[in-house]
Amino acid sequence: MPLAMLNALPCAIALLWLLPALWPGRALARHWQLAETVALAGGLLLLPLLCMPTPAPWFAAAWLMQALIQLLGWMVLRYARRYLQGEPGQPRFLRAIGCLLAAVTVVVQASHLLLMVLAWIACSLALQSLLTFYPGRPAAQLAAQREWRASRLAECLLLGALLLWVLAGGSLSLLPADASTLVNGAQGYAVAAGVLLAAAVAIKTAQLPFHGWLTQVMEAPTPISALLHAGVVNLGGMVLIKAAPLLQAAPAANSLLMLWGGGSALLSCVVMLTRISIKLRLAWSTCAQMGFMLLEIGMGCYSLALLHLLAHSFYKAHAFLLAGETARDSAVRRMAGEQAADSLWAHLARGLLAVLWLAAAQWLWQHWMPAAALPPLFCLALGLGLGGLLRSWGGVLLVLLLSQSYLLLHALAAHILPLHGPAPALYVQGVLAAMFLAAYMLQGGLLRHPNGALARRLYPHAFAGFHLDEWWCMLGRRRPHPTIPLALTWPQLQENRRG
């Protein structure tokens, strides 16, 4: 199939999403019907792409991501139609979401770096209207203001990365036929371009300390939160996958992604222990999951990052759209010490046992599906995460099922995206492995002694996100907004737990 056809269908999908944005505003019921029809029609347009040969490895991943966007758009629109019933801002919501999803389509499908960056800028501008759906809420205005500043900073870095990449002799085209050869002596420009790109994506994906806007978008309606956490934030991973040639020319950028993403993920997981609100826990979970995604891309495991993006999108859309029906929060049980019966060493032994089991399972898989192999660092992180389930025979069977399913899905993702980057530096892997083990032991200590001296000292600072966002907040306001506490005292935290 000619390349023109490959570009024509995504352009048609983007134009379809502009139809709700251009609707004159009359006949609200037909406006909703048009938006839902566009989501279904865009999905049908993707069907011919399944039979086309891919000119680049990322094309198949982009089509899969686009199918997910169409599905999420349709689900969110159907949910929002009932959720926003009677709200006066429904036409504004439909126009903004049409512009947003049109820009998202261009980001995912663009085969030119400059076009992709310009579409990502348009995503942020459309998102501003959604974040301020309730303009009278000060917290919503503050979140939108923070997102605006973070996005403008990231976009300046993106444009600087493109300029340096061009100076290094790199091509802005993402097609293999236009592969670039770097100019002799311009390696420094390529490394700087990769570092700027990595930093820009980290900011766009709400990595610490630029996470404040993502954890405060709860003031927006639930459909907007679901679309933001399940689709828009994930664009950073797709951008890095498509810009793999730029990253592979800059080893320092991969190390930056691993350290920044891994550190943000671990700190976000600790902060989640202090949160009672389900939606706030989900927001901090998004920061952590995006950090793990950056870690995977920094390791060169692009297929693993693709699997992570797809799984995270489905999980977050489901979690946000059902957040109102959740009766209790698992954080209350953990902070109350219901899982603190075992000693700290038993906690560590369960985690290491799960790591060994996962390593043995993937060793067996390598005889049939070599693509299913996971890097050692990710085996450690995933095994420690599954270790908490090893409390009964049912938990052992669950760990067995989850580990085998993940290995199989990874093999399928590697078949869809046969792309792998260079191996990361050993010292970076060692530092991150030590961080994972330390965070796992810290979690075990907090679960065993939720009212101990360590918890009393740590929880107030963890509740405030370790104060990493305060300086960014102060750029917008001389003092924090009174409804958004930066930290709580230990008695206040105890009162929240009892409430």
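## Salt bridges

The count of salt bridges comes to four, each a side-chain nitrogen of Lys or Arg within 4 Å of a carboxyl oxygen of Asp or Glu. This is a predicted model, in which local features need pLDDT of at least 70, side-chain atom pairs count only at pLDDT 80 or more, and totals for chains, interfaces and linings use all residues. Residues are numbered from 1 along each chain as its sequence is written, and side-chain values use heavy atoms, with hydrogens and water left out.

## Glu36 and its partners

Arg81 sits in helix H3 (residues 57-83) and Glu36 in helix H2 (residues 28-45), so the pair joins parts 45 residues apart in sequence. Helices are DSSP runs (H or I, at least four residues), numbered from the N terminus.

Glu36 is buried at 10% relative accessible area. Arg81 is partly exposed at 29%. Buried means under 20%, exposed over 50%, partly exposed in between (1.4 Å probe, protein chains only). A network of salt bridges links Glu36, Arg78 and Arg81.

## Glu155 and its partners

Arg152 bridges to Glu155, with the closest N and O atoms 2.7 Å apart. Both lie in helix H6, three residues apart, about one turn of the helix.

Lys204 also meets Glu155 in a salt bridge, at 3.1 Å from N to O. This pair links distant parts of the chain: Lys204 is in helix H7 (residues 187-204), 49 residues from Glu155 in helix H6. Lys204 and Glu155 are both buried.

## Cysteines

There are zero disulfides, defined as pairs of cysteine sulfur atoms within 2.5 Å. For Cys301, the closest cysteine sulfur is in Cys379, 10.0 Å away, so the gap is too far for a bond. Cys301 is buried at 7%. Cys156 is exposed at 55%.

Definitions and conventions
Helices (H or I, at least four residues) and strands (E, at least two) are DSSP runs, numbered from the N terminus.
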